[in-house]
Amino acid sequence: MSTRYPFTAVVGMDDLRLALLLNAVSPAVGGVLVRGEKGTAKSTAVRALAELLPEVPVVAGCRFSCDPGAPDPGCPDGPHEVLGAEARPARMVELPVGASEDRLVGALDIEKALADGVKAFEPGLLADAHRGILYVDEVNLLHDHLIDLLLDAAAMGSSYVEREGVSVRHAARFLLVGTMNPEEGELRPQLLDRFGLTVEVAASRVPEQRVEVVRRRLSFEDDPAAFAGRWAAEEAELRGRIAAARELLPRVALGDAVLLQIAATCAAFEVDGMRADIVMARTASALAAWAGRTEVTSEDVRQAALLALPHRRRRSPFDAPGLDEDKLDETLERFKGEEPDEDPEPDGPGDGGPDGGPGGGPEGGGIPPQGEGPAPEELPASEDGPAPEEAPAPEEAPAPAPQGSGSGAGERAAVKAAEPFRTRTLSVPGLGEGAAGRRSRARTEHGRTTGSVRPKGALTKLHLSATVRAAAPHQKARGRSGPGLVIRRDDLRQATREGREGNLVLFVVDASGSMAARQRMSAVKGAVLSLLLDAYQRRDKVGLVTFRGRDAEVALPPTSSVDAAAARLEQLPTGGRTPLAAGLLKAHDVLRVERLRDPSRRPLLVVVTDGRATGGRAGGDPLALAARAARLHAAEGTAGVVVDCETGPVRLGLAGRLAGELGGTAVTLDELRADAIAGLVRDVQAAGQTTQTAWRAA
């Protein structure tokens, strides 16, 4: 077994370590979501925590880790009449991003169930993680239905597997830890709320701390066993403190005054539902037990709020998690009751409060003061790590721009986007097979049943009636004598289902001088922001191409992070010529590469322009060049929609012509709204064919 990096050797990261330890003390807190940039020791700290958890007594031979003192009466391996007990280390089970539903919850052998009436169940990762840690790296990239199953099991403490009326239930209580890089996309608010605590992590910018990180990491890689041995005493001390806090936790009193502070805090920050109140109460109790106290204080409530509320404050996907600490202090002071007397001799494992956790000095875990800072799994290429992408800076003069800069004369500063609105549904025509989402029709693992096929490999979704129909003609030849059917492997039929997929929505935005009127560009940005919000809700990937001056550029390559796209859009300046053809050709290049990377994800091209075109780098008629570029997209079957930004009493209708060349449809800014009179939902391709026919006839 490989040696893991010691938990107490992780430099700094106080909030992360405290949140993990509180869940180790009280798994009822509900897990931890760790948000942060890459290379910040998120995974290192989580994996190291497993070494600190006490050994778990289990029933010998039970695949579901039943407790010998209180075995699960519904255990699939039960009933456990003769209880042979054994102890094993707490497990740390990792859920891969590409895992299937059967790998997560377990698989039922439908063939045996139908033919022999036997529930043959193969446990999944939820069973393996029972009474241990379930770790999901890049949880924001996990399919939504898997996240739902995972969080349901974490909330109920059990997992249910049902296949065509055959069901199995087993206990599944675990410490849930998820990590994510927000640059790669956000979790839905409903899923964020299901994580008890959240912490933000970032690499230190203090050179001395970074030096200590590098020194410890290199020392560990040179000799892992020797490095772990140097931290063995601190690890043992922390392990004992966790056990003592667990023992003290049932005796912690949560008084009415503290409960009032918790309720007032959640109400003051307008969090939805009651889960936040419950999580704060459990977290405050765990903090008191961790500090060795049997009374919860206002400071415990404050620390619990900082861990439990930031991710529940978001009102839109573009809001950053956070909490106003001044408002928090005012609320706690306003509803402050009588504090319990400080206990001079704590009953439990330590005399430090929440700040006296590991890393706070010799009493908290043995990390020396000079060692504070993150310990990344992989050292960054440069001292400060990869720099965040920045929006292109506007040029100061209308001089010729370098290749791909997209700048030009008459550039204006970025304007603020108008308020977003609910948009009409735009979908890709036909039936896809992409990743699960909420936009276009697709063959999926979940959804309404539309037919059946012979299974290719393991059977996952049985089509019962089709299986019965396939087996029925052969019953006499197979010697059927009883009431049950004689089923063979060849009789089984897999259900085909239709649901919704996520698409790649590529925005091509005109940022030229013709769009530069402040009120007009504000409305355009508001419309694109609305479409980005719609893409977020429908689980799409998004990309952003802009064109102005003499060329086009990829402002944001395709990503799952719609808030990154919103940030780029907000910073977008305007001005210069209108190289429409260059924007369409740049979009064609982006889609060509994405088809190679992810061929199953179908694209939707959204061009935001008034249809005007002026000279770019290429010579020739600008409108003819733009029409030719549009026909490239149409030839490859790319679904397209043109958002017509033309305003005023005299309109040229150029956006409608462009939509005809794309084989798509044109909608005005007003028609883009969901409550527009023009209708609520259109199929892009069908409407585009109508537009194309009418334009050519004219």
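I count a residue as buried when its relative accessible area is under 20%. I also keep in mind that this is a predicted model.

**Entry 1: who is buried in H13?**
I looked up H13 and found that 9 of its 11 residues are buried, so I noted the helix as mostly covered. The buried ones are Ser298, Asp300, Val301, Arg302, Gln303, Ala304, Ala305, Leu307 and Ala308. What do they pack against? I listed helix H1 (14–25), strand E11 (197–201), helix H11 (256–268), H12 and helix H14 (325–334).

**Entry 2: H12 against H13.**
Next I picked one of those partners, H12. Two packed helices are described by the angle between their axes and the distance between the axes. For H12 (residues 275–290) and H13 (residues 298–308), I got an angle of about 125° and axes 8 Å apart. The two are therefore oblique to each other. I wrote down their crossing as right-handed. On the H12 side, the contact is made by Val279, Met280, Thr283, Ala284, Leu287 and Ala288. H13 brings Asp300, Val301, Gln303, Ala304, Ala305 and Ala308. Sorting the residues of this contact gave me 9 nonpolar, 2 polar and 1 charged.

**Entry 3: a serine in H16.**
Then I jumped to Ser530, which I found in helix H16 (residues 518–537). Is Ser530 buried or exposed? Its relative accessibility is 1%, so Ser530 counts as buried. I followed its side chain to the backbone nitrogen of Phe421, at 2.8 Å. Leaving aside neighbours within four places in sequence, I have Ser530 in contact with Pro420, Phe421 and Thr423.

How values were computed:
Residues are numbered from 1 along each chain as its sequence is written. This is a predicted model: local features need pLDDT of at least 70, side-chain atom pairs count only at pLDDT 80 or more; totals for chains, interfaces and linings use all residues. Side-chain values use heavy atoms; hydrogens and water are left out. Axes are lines fitted to C-alpha atoms, for helices over the stretch in contact, and angles run from 0 to 180 degrees between N-to-C directions. Helices (H or I, at least four residues) and strands (E, at least two) are DSSP runs, numbered from the N terminus. Angles under 35 degrees count as roughly parallel, over 145 as roughly antiparallel, 65 to 115 as roughly perpendicular and the rest as oblique. A crossing is left-handed if the near helix is turned anticlockwise from the far one by less than a right angle, and right-handed if clockwise. Contact means heavy atoms within 4.5 Å. Ala, Val, Leu, Ile, Met, Phe, Trp, Tyr, Cys and Pro count as nonpolar, Asp, Glu, Lys and Arg as charged, and the others, Gly among them, as polar. Buried means under 20% relative accessible area, exposed over 50%, partly exposed in between (1.4 Å probe, protein chains only). A polar contact is a pair of N or O atoms within 3.5 Å; within protein, one must be able to donate a hydrogen and the other to accept it, and residues adjacent in sequence count only if both atoms are side-chain atoms.
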